[in-house]
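I opened my notebook and went through this chain one spot at a time. Here is what I looked up.

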Amino acid sequence: MIVDRRQFFAGVAAAALVRPAMAQAAPVLNLGSIAAARGLAFGSAFDREVLEDPSYGQLIAEQCMVGALENSLKFDWLRPKGPDADYAVADQLVDLANSRGLAVRGTALIWNDWLPDWLEELDARAIASTMDRHIDETVGRYAGRVRSWDVVNEPFFPMHGMEGGYRKGLWFEAMGPDFIPRAFKRAQAADPSAQLVLNEAFCEQFDELGNSVRPPLKDLVARLKDQGIKLDAVGFQGHLKPYLPFDDTAFAAYLAEIAAMDVDLMITELDVDDSHLPDDAGTRDAAVAARVSQFLDAVLQVPRMKSVICWHLSDRYSWYRHADWYAEMVGESGGTPGRAPRSHLFDADLKPKAAAEAAAETMRRLSRS
Ligand code: XIL
């Protein structure tokens, strides 16, 4: 569980602090409190934009129990030029989030994607020791301050053609699949009390990609547990793509099989890719809300589902704004190229959209209390 009692109450206190100013307004939507009432930790990704835009930081502190650093704890952001890390911004963000009562999550400690060029110059042995050093220093530095780590992100990408379906990249090439248990052991040693998570994408898709990732992921979880690795939770990103085939009931059954291996479950990066939807804002908002509702309805019924974390809370900071493929997809689907995404629960003015109401409604309805 990533939210301990102290942080839980700190989070509630932080939310309470912002309420009096809004006391005259209509009932205030508080997703963090609604989720907490059913034993769920609700959260969002955020990053350095909160240093410039306190209103967004305020929204996150108000609505969330968990804050996931979107980028600033990633290898390429900490060590862009060489092996020595610069922790200045990450320190600032972690301290800020903790001071607002959020339990902090570090994403993508080890990921075979987005690695800096300098790492390519090293031989396999040096790459392996760089991984060890990165984990020791980073997890060790934030022990007690970052409560949860995606120790390995996106282990599989069968389209890369590697044996076992693994994602190709420097860590994998240097160590083979052993980089995974090795990273978990290292992280455990660096902070024995942190929640250690294996995070994966695509599993909710019932297309060729999703169908090819689910089986090896399940086998990996089984192997790690058999080896006695401290694996606390499996995270499912949940970047929902309504234009691809999905089967939420079958996905929930898969989640139950994973949970049966004695791990918690998390939705770690919830949003809806609206690139294929028409320009009209109302149409997009309704479709996004419907997909959020449908998805949460299925996954929240699975025992051991503990967290719902959005990949940004507001359209203002959507990561799709910077993704080339997103803009291309909008154009190909007949939308206006360059239009702003409406993929998140709050709009660009930080106002709750239908998707926020849908998430609240689903969480309330499925309340265990
Ligand atoms: C993305 C960030 O949102 C971008 O800002 C960055 O340029 C690339 O990474 N799956 C993940 C996340 O696991 O770490 C990714 O985050 C989005 C997809």
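**Entry 1: Ala 85 and Arg 79**

Which residues does Ala 85 touch, not counting residues up to four places away in sequence? I found Leu 78 and Arg 79. Contact here means heavy atoms within 4.5 Å.

A note on the source: this is a predicted model, where local features need pLDDT of at least 70, side-chain atom pairs count only at pLDDT 80 or more, and totals for chains, interfaces and linings use all residues. Residues are numbered from 1 along each chain as its sequence is written, and side-chain values use heavy atoms, with hydrogens and water left out.

I placed Ala 85 in the loop between α5 and α6. Helices (H or I, at least four residues) and strands (E, at least two) are DSSP runs, numbered from the N terminus. Ala 85 is partly exposed, at a relative accessible area of 23%. The terms work like this: buried is under 20% relative accessible area, exposed is over 50%, and partly exposed is in between (1.4 Å probe, protein chains only). From the C-alpha atom of Ala 85 to that of Phe 75, ten residues apart along the chain, I noted 8.6 Å.

Next I turned to Arg 79. This residue lies in the loop between α5 (75-78) and α6 (88-99). Arg 79 counts as buried, because its relative accessibility is 2%. Leaving aside neighbours within four places in sequence, its contacts include Asp 84, Tyr 87, Pro 116 and Trp 118. Arg 79 also joins Asp 84, Arg 133 and Glu 137 in a network of salt bridges. A salt bridge is a side-chain nitrogen of Lys or Arg within 4 Å of a carboxyl oxygen of Asp or Glu. I also looked across the model: the C-alpha atoms of Arg 79 and Gln 301 are separated by 40 Å, and the two are 222 residues apart along the chain.

**Entry 2: salt bridges**

How many salt bridges does the structure hold? I noted 27. Side chains of opposite charge can pair when their charged atoms come close.

I looked up the pair Arg 304 and Asp 264, whose side chains meet at 2.9 Å, N to O. Arg 304 sits in the loop between α13 and β10 (305-310) and Asp 264 in strand β9 (residues 264-272), so the bridge ties together parts 40 residues apart in sequence. Arg 304 is partly exposed, at 30%. Asp 264 is buried, at 7% relative accessibility.

Then I took Asp 274 and Arg 284, with a salt bridge of 2.7 Å, N to O. Asp 274 is in the loop between β9 and α13, and Arg 284 is in helix α13, ten residues apart. Asp 274 is buried at 0% relative accessibility, and Arg 284 is buried at 5%.

My last pair was Lys 353 and Asp 315, again a salt bridge (2.7 Å, N to O). Both Lys 353 and Asp 315 are buried.

**Entry 3: α12 against α13**

Two packed helices are described by the angle between their axes and the distance between the axes. I checked helix α12 (residues 248-259) and helix α13 (residues 281-299): their axes come within 8 Å and cross at roughly 35°. Axes are lines fitted to C-alpha atoms, for helices over the stretch in contact, and angles run from 0 to 180 degrees between N-to-C directions.

Which residues of α12 meet α13? They are Asp 248, Phe 251, Ala 252 and Leu 255. On the α13 side I listed Arg 291, Gln 294, Phe 295, Ala 298 and Val 299.

**Entry 4: Leu 240**

Leu 240 belongs to strand β8 (residues 239-240). Is Leu 240 buried or exposed? Leu 240 counts as buried, at 1% relative accessibility. Its contacts, not counting residues up to four places away in sequence, include Glu 204, Leu 270, Arg 291 and Phe 295.

**Entry 5: helix α4**

I ended on helix α4 (residues 54-63). Seven of its ten residues are buried. Among them are Tyr 56, Leu 59, Ile 60 and Glu 62.
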